[in-house]
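Reader: I am new to this structure and would like to know what the labels rest on. Please show it, and then I will ask.

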Amino acid sequence: MSTADAVPALAASGPRATTAADWLAFAGLLAIALAVRLAFYTGFFGSDEVTYVANAYRLLDGDWQVSSYVGSNRYGMNLPLAAMAFLFGRHELVANAYPLLCSLGEVALVFHFGRQLLGLRAAVLAALLLALLPLHAHYAGRLMADAPLALMITASFLFCWHGERHRDGRSFFIAGLAAGCSFWIKPHAIIYLAVFAFHPLLVRRWDRRWLLMAGACCLMIAANCLLFHFLSGDFFFLVEAMRARHTGVDRAAAAAADPFHVSAGYYLVYLLARVYHTWIVFHLALAAPFVWWLRRRRGATDDDDAMRFLLWWAAGLLLVFSLFVASWNPLVLIPKQTNYMLIFVAPLALLAGYALARARGVPFLILLLLVAGPALLLTAMQQSLIHVFTANSKATVEFARAHADAEVYGNTNAVRAAHFARLVQPQAALAEIRPIADLLAGADGEGGASPTAPRYAVIDTETLSWARDEPLRDISEVPACWIGEGVLQPSAYGLGPLLLRQFAAFTALLPETLAVRAGPALASLTQPRPAYVYRVPAQGCG
């Protein structure tokens with residue numbers, strides 16, 4: 001039998017014609033996805049987004065010096081952010097347009113290819129599930145690398161499938177470019193290509209077109225290394241930097257500090273039980289193989305190739321990012337975080353859409369409401385958590401702006417909030433906020449206020465335990481000579497906190513036993529703990 005004869009029957013079928021209904025569904029899905037992401041926009045948190053924006057704008061200013069910190073050298077993030085700023089100016093929403101567009105792009109890919117994989121109904125439902133997924137919506141509003149990385153990984157799988165189906169070398173080449181782009185965004189994630197090592201077992205043949213994908217991926221990786229060669233003189237700079245940062249000793253220490261984050265079952269726990277991020281999409285995806293089996297028993301085999309592909313894709317990524325060995329001596333599995341789940345939610349959404357598409361009538365409507373309602377509530381909760389966490393830090397920035405003639409000191413998150421505000425609001429007069437550690441050490445800020453300027457310290461109890469190097473771990477550790485000036489108690493803004501405040505008001509109507517439990521939980525999601533303002537004597541505490 002020839003190679004062409006061995007191609008699955010599905011490959012022989014031509015592309016499905018695009019109809020007016022398809023375009024209408026596509027426009028509606030993107031509108032829903034965009035509306036959810038704008039309504040529950042997250043914004044500043046104080047993590048890697050500050051690093052990405054700072055380095056992107058540094059490139060824009062002509063400073064291409066390579067950093068010793070791996071996260072600063074992710075040009076798959078930094079270059080697009082710099083390009084957006086060059087075209088549209090330096091603003092938070094302009095910078096966040098990149099992850100937002102990547103998030104919408106992944107929804108579009110799931111719909112477009114899902115239509116060919118599973119049919120229009122399943123594709124619409126899969127894209128809708130992804131559009132409403134709390135994790136997906138949340139990271140569309142975060143200036144992080146997760147949404148761009150997820151888009152590239154998803155594109156590599158879907159274009160690979162398209163290449164298989166139509167024996168199209170161009171699709172394989174695009175798949176390889178997307179895989180190589182993932183290296184530009186997060187080099188560590190390139191381990192996902194291990195899933196493709198089992199691709200020949202899936203299709204049970206060899207195709208020389210696969211070399212186009214491999215070549216395109218290697219081309220992109222080589223281009224990234226070549227860039228570092230020109231910037232640092234070392235072609236393998238990035239590889240060596242990653243190796244130096246992630247030694248076996250470092251991983252062993254991380255595993256000892258938090259063994260759950262390197263456990264094999266981390267993602268399964270979140271997908272099955274701690275469903276704050278993905279709701280019941282994984283449960284619906286688990287129903288897909290059962291539905292497929294029932295259809296096969298009835299003689300339907302038209303979706304066999306699609307289901308084998310989706311199960312290989314989803315299970316492969318879950319296994320790689322759960323069981324990859326980060327260190328052999330001592331044995332430590334790859335570290336895990338909830339945001340990394342964004343990498344494999346696309347195949348889960350397609351599987352869930354396949355299962356949900358088989359329901360009809362009232363059961364279908366009930367399932368749809370069960371998916372959409374809680375998903376939106378969980379997305380609101382995630383927005384509210386971030387806005388509550390950063391409310392005091394943003395208020396501290398406003399306090400520093402109102403006291404431009406003073407020296408203002410704050411916790412790490414407030415320092416980063418001030419830095420971020422100066423980056424995305426370059427025309428505004430924003431005062432610097434210095435670390436509390438500098439104040440306690442008696443260090444003078446460079447270019448700061450005069451020696452006679454008043455000094456204030458803002459101790460934010462909401463973020464006090466966030467950074468490991470905070471010198472004060474509790475409000476009781478504040479020096480006795482500091483003079484209390486008041487309390488900052490800003491309310492979190494946004495649709496999420498607004499909705500949760502309405503829920504909090506509703507708890508007053510509940511029975512007392514339920515109200516006692518629900519009240520404090522909702523309060524922590526709507527109102528930050530206080531931030532105390534202190535005036536620090538000029539002569540110190542002598």
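Reader: What makes residues count as touching Asp146?

Author: Contact means heavy atoms within 4.5 Å. Leaving aside residues up to four places away in sequence, Asp146 touches Tyr139, Lys186, Asn339, Tyr340 and Leu342. The model is predicted: local features need pLDDT of at least 70, side-chain atom pairs count only at pLDDT 80 or more, and totals for chains, interfaces and linings use all residues. Residues are numbered from 1 along each chain as its sequence is written, and side-chain values use heavy atoms, with hydrogens and water left out.

Reader: Is Asp146 called buried or exposed, and why?

Author: Buried means under 20% relative accessible area, exposed over 50%, and partly exposed in between (1.4 Å probe, protein chains only). Asp146 has a relative accessibility of 4%, so Asp146 counts as buried. Asp146 is found in helix α9 (residues 146-166); helices (H or I, at least four residues) and strands (E, at least two) are DSSP runs, numbered from the N terminus.

Reader: Why is Arg167 called partly exposed?

Author: The relative accessibility of Arg167 is 34%, therefore Arg167 counts as partly exposed. Arg167 sits in the loop between α9 and α10 (169-185). Its phi is near 50°, a positive value in a residue other than glycine.

Reader: What makes Leu377 part of a nonpolar patch?

Author: Like charges are joined within 9 Å, and nonpolar side chains (Val, Leu, Ile, Met, Phe, Trp, Tyr) within 5 Å. Leu377 has a relative accessible area of 33%, so Leu377 is partly exposed. The patch consists of Leu377, Leu495, Leu498, Leu499 and Phe503, with about 380 Å² of accessible area together, by the Shrake-Rupley method with a 1.4 Å probe and, for residues, only the protein chains shown as cover.

Reader: Which strands stand at the edges of the sheet, and why?

Author: The open sheet has five strands in the order β4-β3-β5-β7-β6, with mixed pairing. Two strands pair if DSSP finds at least two bridges between them. β4 (433-435) and β6 (483-488) each have a single partner strand, so one side of each is left without a neighbour in the sheet.

Reader: How do you know that β6 pairs with β7?

Author: Five bridges join β6 to β7 (residues 531-536), and the two run antiparallel. Gly484, for one, has Tyr534 in β7 as its bridge partner.

Conventions
Patch = residues over 30% accessible without salt bridge, like charges linked within 9 Å, V, L, I, M, F, W, Y side chains within 5 Å. Salt bridge = Lys/Arg side-chain N within 4 Å of Asp/Glu carboxyl O.
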